[in-house]
Amino acid sequence: MEVRVEHLPGPDAGLVLLGLDRPAAKNALGRQLLSEFRAAVKALATDRTVRVVVLHSLVPGVFCAGADLKERAGMSPEEAGIFVQSIRAAFSEVESLPMPVIAALEGAAFGGGLELALAADLRVAGTEAKMGLVEAALAIIPGGGGTQRLPRLIGAARAKELIFTARRFGAEEAGRLGLVNRVVPAGQALEGALGLAREILPNGPIALRLAKQAVGQGMELDLAAGLALEEACYAQVIPTQDRLEGLAAFREKRPPRYKGE
């Protein structure tokens, strides 16, 4: 198995770890890993018990080295094109997960590895993490969504600079650019991501899903249409039992007990 899914117990119930575990190839995206990964993401998408997903690496010193170029070297141009389409689709499936997704970055996250992290909602990086969209140095372009997600995240001019130069950069610069949300001491990215997940976990799961939908879809709309989307999403929380529970908990001065209903 090159992908591992762990549902955390007890007070962390609802928090799921989605781990990459291909140490021999530094988590490079090969056919087997990608197949397992897409199957895991598909299962998470329909699991109503999942409230937050943390994407991380089980391989020390690397998040994901990108596409498996050794494997790709044996592909025909047509096969390579189909495989890149599969990578792009996998990352879009991560982005489309209804619950918040946090990527924990340690070590290298280059090419497709960084594109995978960009498909998450939030990113936490250890100080020694290194990342970059390095494809231009190989005479190709980012093909897993990097040319689209990075400029939406940090602005077009900064994204063009990083893509055109194929420059590798560290966590501190990524934090200044707004590419990562939090920078933590080296080796503590997973704990940092879990800490962030635990801040999210107590909140209403239906509200979280609708807030993610409103922000994600609203980014592609003009303001008037975005406000209409927000209104439509807000209308969906009004009839929920969670909303009534939140009001009752506030009135009774106790923590709410949300059930996603």
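This is a predicted model: local features need pLDDT of at least 70, side-chain atom pairs count only at pLDDT 80 or more; totals for chains, interfaces and linings use all residues.
Residues are numbered from 1 along each chain as its sequence is written, and side-chain values use heavy atoms, without hydrogens and water.

Stay with the largest pocket. Its volume is about 920 Å³. Show E95, D121, K212, V215 and G216, the closest to its centre among 28 lining residues. A pocket is an open set of points on a 1 Å grid over the protein atoms alone, where a 1.4 Å probe fits, with protein on both sides within 12 Å along at least five of seven lines; lining residues have an atom within 4 Å of a point. α9 gives the most to this lining, with eight residues.

Next, select A65, G66, A67, G111 and G112. They lie nearest the centre of the second largest pocket, which 23 residues line. Its volume is about 390 Å³.

Now the sheet. Six strands form an open sheet with mixed pairing, in the order β1-β2-β3-β5-β7-β10. Strands pair if DSSP finds at least two bridges between them. β1 (3-7) and β10 (182-184) stand at the edges with a single partner strand each, so one side of each lacks a neighbour in the sheet.

Finish at R4, which stands opposite G19 in β2.

Notes:
Helices (H or I, at least four residues) and strands (E, at least two) are DSSP runs, numbered from the N terminus. Grid points are joined across faces, edges and corners, and a volume is the space filled by probe spheres set on the points.
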